[in-house]
Amino acid sequence: MAKKTRQWVAALTTVAVAGGLLAACGDSSDKGAADGGASPAATTQGPVKFTVMANLQTPEVPSDKLEKYIEQTTNSQIEIQWVPDGSYDEKFQAAFATGTLPQAVYLKNAASFILMRDAIKNGQFWEIGPFLKDYPNLSKLDTKILDNTKVNGKIYSLYQERQPARSGLIFRKDWLDKIGAAAPTTTDELYNVLKKIKEADLAGNGKTIPLADRNDLVYGSFKTVATMFGTPNGWGVVNGKLTPDFMTTNYMDTLKFYKKLHSEGLINQDFPVTSKNDQQNLMYTGRSGVYIGTMGDAKTMQDKTAPNFPDAKYDVSNDLKGPDGKKTTWGTNGYGTILLFPKSSVKNETELKAILGVFDKFYGKELADVLKFGLKDQNHYTLDADNKIVSSTDTKLIEKEVRPYLNMALAETTNVSPQKYASATLEKANNLSNEAAKFMITDPTASLDSATYAERGTRLQEQIKDATYQFIMGKIDEAGYKAATDKWLKDGGQKIVDEFNEQYAAINKK
């Protein structure tokens with residue numbers, strides 16, 4: 001077996017995203033893709049040889065134990081170019097600009113995908129949608145998630161599965177037992193539970209802050225509670241038109257609810273400037289009893305609270321109901337990142353299909369387990385009496401040989417063997433998150449493009465974030481908030497609305 005390049009050592013010094021350079025790359029890649037000739041790796045019966053760029057989130061490049069197993073299982077020879085997480089986007093853009101990307105490339109995360117859409121539309125990467133039906137696992141990929149990765153209605157990428165709906169309540173069950181309350185399921189019940197916790201002063205000495213929150217309107221509590229008020233996820237269809245969530249009456253209902261929580265001391269007064277660490281410390285130190293966010297954090301909260309309060313007991317719930325009485329929650333796009341195939345390095349369809357054949361097996365059960373848990377005969381895990389995977393407690397071994405490959409894994413929620421969880425609460429959180437995919441609300445603009453949004457969206461969203469906090473803290477009223485949304489429209493928001501709606505209408509006519 002050929003010796004592998006274990007680390008990316010190419011000298012990449014220029015980060016270029018100018019339109020002219022991207023167009024130049026497009027000329028060369030289109031020419032290469034049109035030659036029609038198959039690569040030797042794709043035409044012979046030997047191993048499929050290709051290069052792949054992957055994000056390294058550990059201090060060192062991993063050993064090649066898993067890589068060798070993957071190659072044997074897929075009949076391939078893979079040169080993995082590990083790029084440190086801190087410089088990944090920079091290295092990716094530099095390689096893209098100089099036409100030196102490997103044949104398969106993972107983007108750093110979903111946010112990086114937005115930055116590449118223009119390049120995808122300009123023909124820099126292969127469209128793979130028509131080929132998926134020809135593979136046993138790729139043909140079974142979730143169509144909803146694939147839709148979220150589309151660019152101009154076409155599929156160019158494979159997605160890395162992620163639980164799409166992990167948000168819910170994490171709460172001190174011992175506290176709720178003391179006030180005789182069950183886990184809240186509606187906004188009225190949530191308010192009453194928080195009020196009772198405050199009145200009972202369960203932290204003592206007047207220090208009780210019922211709901212711990214932070215400076216994040218998405219992954220903090222706000223978005224989850226907004227969904228309970230019927231607020232769309234990012235954007236929603238109102239009277240047949242795509243409308244940003246913050247311009248709906250449901251969002252205003254959420255603002256009024258949070259203003260009430262804030263004025264009555266049911267939430268930490270400085271939450272707009274509170275970090276996640278400080279938010280969680282309110283739970284660890286026994287000052288707060290309700291946390292709304294990723295339910296999987298419950299295990300860490302239990303472990304870090306127990307030394308201070310041995311009787312503390314955490315539980316989780318996502319039985320959260322909207323105005324219609326049905327379960328609701330917001331969901332992500334369903335993927336952590338995506339995998340693209342550059343035309344500058346993958347020269348023809350034959351070569352592309354051979355590489356897709358290898359990644360098809362990444363979604364299969366055998367490699368899904370290997371990429372997530374490692375190899376049983378290498379002491380990466382054992383099986384318990386119920387045939388559940390029990391990961392090794394040798395953290396150094398896992399860090400060195402297994403963990404880096406998690407960033408290359410494509411399957412997480414399907415075709416993965418059950419594992420033994422460190423706690424019953426963590427297992428419950430995982431099961432509830434999987435179940436929530438059935439009733440989650442997604443963002444209808446996930447696969448749409450807006451040039452104005454790409455250029456000004458982040459800055460414009462800061463205006464709405466500031467107005468949201470100002471309303472909650474009583475610094476502006478409804479008229480002041482309306483003035484902020486009008487300014488958003490004037491400063492470019494209306495163009496974003498128009499651009500999204502134009503595409504939305506075109507797609508729905510097909």
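**Side-chain contacts, up close**

Guide: Start with phenylalanine 246, which is buried, with a relative accessible area of 3%. Bear in mind that this is a predicted model. Now place them on the chain. Phenylalanine 246 lies in the loop between strand 8 (241-244) and helix 10, while tryptophan 488 lies in helix 18, so the pair ties together parts that are 242 residues apart in sequence.

Stay with helix 10 and helix 18. A salt bridge joins glutamate 478 to lysine 256, with the closest N and O atoms 3.3 Å apart. Glutamate 478 belongs to helix 18 (residues 478-509) and lysine 256 to helix 10 (residues 249-263), so this pair ties together parts that are 222 residues apart in sequence. Glutamate 478 counts as partly exposed, at 42% relative accessibility. Lysine 256 counts as partly exposed as well, at 41%.

One aromatic cluster includes Tyr251, Phe257, Tyr258, Phe471 and Tyr481. Over the face of phenylalanine 471 lies lysine 259, at 5.2 Å from the ring centre. Elsewhere, lysine 223 lies over the face of tryptophan 330, at 5.4 Å from the ring centre.

The aromatic pairs number 20. Take phenylalanine 50 and phenylalanine 359: their pair is tilted, with 5.6 Å from centre to centre and 55° between the planes. Phenylalanine 50 sits in strand 1 (residues 48-56) and phenylalanine 359 in helix 13 (residues 349-362), so the pair ties together parts that are 309 residues apart in sequence. Phenylalanine 50 counts as buried at 2% relative accessibility. Phenylalanine 359 counts as buried at 1%.

Back to charges. The structure holds 23 salt bridges. One of them joins aspartate 315 and lysine 428, whose closest N and O atoms are 3.0 Å apart. This pair links distant parts of the chain: aspartate 315 is in strand 10 (residues 314-317), lysine 428 in helix 16 (residues 424-436), and they are 113 residues apart. Aspartate 315 is buried, at 15% relative accessible area. Lysine 428 counts as partly exposed, at 34%.

Another salt bridge runs between aspartate 174 and arginine 172, with the closest N and O atoms 2.7 Å apart. Both aspartate 174 and arginine 172 are buried. Finally, a network of salt bridges links Arg117, Asp118, Lys121 and Asp449.

Notes. Residues numbered from 1 in each chain as written. Predicted model: local features only at pLDDT ≥ 70, side-chain atom pairs only at ≥ 80, totals over all residues. Heavy atoms only, no water. Salt bridge = Lys/Arg side-chain N within 4 Å of Asp/Glu carboxyl O. Buried < 20%, exposed > 50% of the residue type's maximum accessible area, 1.4 Å probe, protein only. Helix = DSSP H or I, 4+ residues; strand = E, 2+ residues; numbered from the N terminus. Phe/Tyr/Trp six-rings, centres within 6.5 Å; stacked < 30°, edge-to-face > 60°. Lys NZ or Arg CZ within 6 Å of the ring centre and 35° of its normal.
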